[in-house]
Amino acid sequence: MSSFSTGQWPVPRTAYVHVPFCRHRCGYCNFSVVAGRDDLFDRYLAAVSRELESLKRPTLDTLFIGGGTPTHFDVERLQQFLLLMRQRFTFAVDYEWSIEANPEDITHEKVALLAEFGVNRISLGIQSFDEDKLRILERGHAPQDAMDAVQTAAELISNVSIDLIFAVPDETIEQWLRDLEVARQLPVNHLSTYALTVEKGTSFWSRRARGELSGVGECCEVEMYQMARNILQNSGFQHYEISSFAQSGSRCQHNLAYWKGNCWYAAGPGAARFVDGRREVNHRSTTSYLRRVESGQSPTAELAEINPEQFARERAAFGIRMIEGIDIEAIEKETGFALGSVCRNAIVQSVEDGLLVQPTPSRIKLSERGILFADTVASRFLGP
Ligand code: SF4
């Protein structure tokens, strides 16, 4: 429980470490990534070690290693990285340690290494099992690699999560159904699925502007999303957050910590943290990040202090993504801030618009229609 209302922020029990390396940059990718710069591995390991040193080995409930592609490290560097995490953090008894991975890197040797160091959740960037979709997305693996990667990971890691993208240019309903069907038959505990978004600055953005890529249309996108919800829920997955589905006991504890407004540490290029009421983001460029850490400067590029009202609003905006919704009274108690009054207009308007339902006086959650418009509701909570 946060003692935030007394100005004392809780000590984080969650951490995110960003590994920026990838084999190549996919056309839709807008993350902090460097491709073809494996020569920076050693400088990165030294810099992250230095950045994390100041934390004094905090105890974590969850650690998430994201990217980029953390498993792009060669075996020797991967071992050094995992050892570093063990040296820089203490793990609570029931910890969750997740790592993102791409199918082309999944070998028995690497998975065994992850398991040996205590990684117990792997998040595979599958995106699709369909050859045409993978080609359009510029992914580096074939459908069979993706299926093999899930099987290999599941042999040693207890919680296997996969990401799937839908509404890819030219994708048909039949292709998406096949993706879901293959996923259903694999040993997958958790699945996150997103409609493709085309962000400014990506090569997909310029290609779309030139008319080389077209979307599937809003109706088709909604149909695909609803299809995923139906098929996955009928296959034993619980839909627990807008984009997330989990078998019983396999919800992502790390993401739940974000949605519940917990504080967290972060390190690496472009990594964002929330510590002592401050949101900070590191330099996105890997080389700028390295230069700054190596010369003893702070890697932080952006910093914002969060005031009580903002925090309460953010708790509502992030929390409403969870299908079970949020408990207004609990947030008020936790933050010391009257969320029910501050967000009153947002709540009333969203209930009137049929986007929110209020099953009890204290609980609000997205309606069936609201699940499709979660961003609208969240932006209302964040205020003008
Ligand atoms: S593998 Fe993932 S992080 Fe790397 S470029 Fe592709 S989408 Fe981006």
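View 1. Strand β12 (residues 272–275) and strand β13 (residues 278–282) are paired in the antiparallel sense through 4 bridges. Strands here are DSSP runs of E with at least two residues, helices are runs of H or I with at least four residues, and both are numbered from the N terminus. Two strands count as paired if DSSP finds at least two bridges between them. V275 stands opposite R278 in β13. The hairpin formed by β12 and β13 has 2 residues between the strands, and D276 in the turn has a positive phi of about 55 degrees. The model is predicted, with local features requiring pLDDT of at least 70 and side-chain atom pairs counted only at pLDDT 80 or more, whereas totals for chains, interfaces and linings use all residues. Residues are numbered from 1 along each chain as its sequence is written, and side-chain values use heavy atoms, with hydrogens and water left out.

**View 2. Strand β4 and its parallel neighbours.** Of the 9 residues of strand β4 (residues 59–67), 7 are buried, and the strand is thus mostly covered. Buried denotes a relative accessible area under 20%, exposed over 50%, and partly exposed in between, with a 1.4 Å probe and protein chains only. Strand β1 (residues 14–19) runs parallel to β4 and is joined to it by 6 bridges; V19 is placed opposite G67 in β4. Strand β5 (residues 90–101) also pairs with β4 in the parallel sense, over 6 bridges. The bridge partner of L63 in β5 is W97.

View 3. In helix α12 (residues 328–335), the buried residues are I328, I331, E334 and T335. These residues lie on the same side of α12 because they cover an arc of only 130 degrees around the axis, the arc being that of the directions from the helix axis to the C-beta atoms. The face turned away from the buried side of α12 carries the exposed residues E329 and K333. The elements covering the buried residues of α12 include α11 (308–319), α13 (339–342) and α14 (344–352), as well as β15 (326–327) and β17 (363–366); contact means heavy atoms within 4.5 Å.

**View 4. The ends of α12 and the side chain of E334.** E334, within α12, is buried, with a relative accessible area of 14%. The side chains of E334 and R315 are joined by a polar contact of 3.1 Å. A polar contact is a pair of N or O atoms within 3.5 Å; within protein, one must be able to donate a hydrogen and the other to accept it, and residues adjacent in sequence count only if both atoms are side-chain atoms.

**View 5. The open sheet that includes β15.** The order β15-β17-β16 describes an open sheet of 3 strands with antiparallel pairing. Strands β15 and β16 (356–357) are the edge strands, each pairing on one side only. Antiparallel strands β15 and β17 are joined by 2 bridges, and the bridge partner of D327 in β17 is R363.
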